[in-house]
Amino acid sequence: SKHRGDGGYTLFNANIEKKNLRRTSLEDKLRGAVTAGHFLVYYQPQYSLEQKRVTGFEALIRWNDPQEGWISPGEFIPIAESSGLISAIDTWTLRQALGTINTLNRETGKQYTISVNVSALQFREEGFVESILAALNATSFPPELLELEITESTAMQNVSAAIAKIEELSKRGVCFAVDDFGTGYSSLSYLNRLKADTLKIDSSFIQELDTVPEAAAVVTSVIALGKNLGMRIIAEGVETEAQLEFIQKHSCSIIQGYLFGRPMPFEELKEFLKHEA
Ligand code: C2E
Ligand code: CA
Ligand code: CA
Ligand code: CA
């Protein structure tokens, strides 16, 4: 409180001020970043433990601002969401990813899948279903190879609307993943009703496997839950051999993590895939 007279209040305000300035400055830059070409899409491999090969990738956006340098999505995605800029960014990312993976599939003769993150705001928008279909159309991308990732909290904001949207796109072949599972406001009965294809166990649970004794029980329960609902399970954030061993023993279908491969630009990804058996 300002009555403490120890300067704490002033310091606190100065920090808030600094944060607000950074926020405003990033918001200004964000406005022009798409057209200026300052965004890039990185691709992180998803490795199937059953098929013993890379089956697809998650598209993850990167922002390289000429003045600020690399700004993490953890910092700018929330700003993009609150300023309404996220839809333009998500649309750009989706089209970019579909075009790129189309090229890759044509060049390799494979059928790699692409997982793309959908923000809560974009998912809630009136024309969401149409915008996805338009992107598929514009790129002639096979809908069965696209997986849209939504978080539990995104889906739970309006469950019946979420179910309807998922159903409509599923009819056209598009797949859905529930992202960051376990971190949000989970409702197990709703999880069943969403009829998503894939469950992504949040990396925080995977990382705790090495340190927190209870984490093992949580991870095995989530795998069992997903399997019982007929879902494919992806373990995110696998970084160590010990985590991999645990995941493998409990028959999780797919891993995504630094241990296997980091998110990388497309050119690097093509090199990476050359070394795949
Ligand atoms: P997410 O969807 O949960 O993506 C997974 C995040 O975990 C990525 O962080 C990825 O780089 C990171 N990761 C993968 N493997 C490991 C690992 O083994 N260890 C650790 N420590 N981290 C790992 P990233 O790329 O910084 O993205 C952060 C979040 O930003 C994403 O979390 C997603 O919510 C959001 N995001 C990223 N790209 C997009 C996008 O194009 N659109 C939208 N709407 N959100 C995006
Ligand atoms: Ca994701
Ligand atoms: Ca995630
Ligand atoms: Ca996340």
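Visitor: Which residues in helix 5 meet K165, E168 and L169 in helix 7?
Guide: This is a predicted model, in which local features need pLDDT of at least 70, side-chain atom pairs count only at pLDDT 80 or more, and totals for chains, interfaces and linings use all residues. Residues are numbered from 1 along each chain as its sequence is written, chains are lettered from A and ligands numbered from 1 in the order in which they are written, and side-chain values use heavy atoms, with hydrogens and water left out. Helices (H or I, at least four residues) and strands (E, at least two) are DSSP runs numbered from the N terminus, and contact means heavy atoms within 4.5 Å. On the helix 5 side, the residues are F128, V129, I132 and L133.

Visitor: At what angle do the axes of helix 5 and helix 7 cross?
Guide: Axes are lines fitted to C-alpha atoms, for helices over the stretch in contact, and angles run from 0 to 180 degrees between N-to-C directions. Helix 5 spans residues 128-139 and helix 7 spans residues 159-171. Their axes come within 10 Å and cross at roughly 25°.

Visitor: What does that make helix 5 relative to helix 7?
Guide: Angles under 35 degrees count as roughly parallel, over 145 as roughly antiparallel, 65 to 115 as roughly perpendicular and the rest as oblique. The angle here is roughly 25°. That makes the two helices roughly parallel.

Visitor: Is the crossing of helix 3 and helix 5 left-handed or right-handed?
Guide: Helix 3 covers residues 86-108, and its axis is 10 Å from that of helix 5, at an angle of about 35°. A crossing is left-handed if the near helix is turned anticlockwise from the far one by less than a right angle, and right-handed if clockwise. This crossing is right-handed.

Visitor: Which residues of helix 12 make the contact with helix 3?
Guide: Helix 12 (residues 266-274) packs against helix 3 at about 30°, with the axes 12 Å apart. The two are therefore roughly parallel. Helix 3 brings T100, L104 and E107. Helix 12 brings F266, L269, K270 and L273.

Visitor: Which residues coordinate the calcium ion (ligand 2)?
Guide: Donors are N, O and S atoms within 2.8 Å of the metal (3.2 Å for Na, K and Ca); water is not among the atoms, so sites may look incomplete. Along the chain, the donors follow the spacing E-x58-N-x31-E-x29-D. At 2.1 to 2.4 Å, they are E58 (OE), N117 (OD1), E149 (OE) and D179 (OD).

Visitor: Which residue bridges the calcium ion (ligand 3) and the calcium ion (ligand 2)?
Guide: The protein donors of ligand 3 lie 2.2 to 3.0 Å from it and include D180 (OD) and E236 (OE). Ligand 3 and ligand 2 lie 4.0 Å apart. The bridging residue is D179.

Visitor: Which residue coordinates the calcium ion (ligand 4)?
Guide: Ligand 4 is 5.9 Å from the calcium ion (ligand 2). Its coordinating residue is found in strand 6 (residues 175-181). At 2.8 to 3.0 Å, the OD donors belong to D180.
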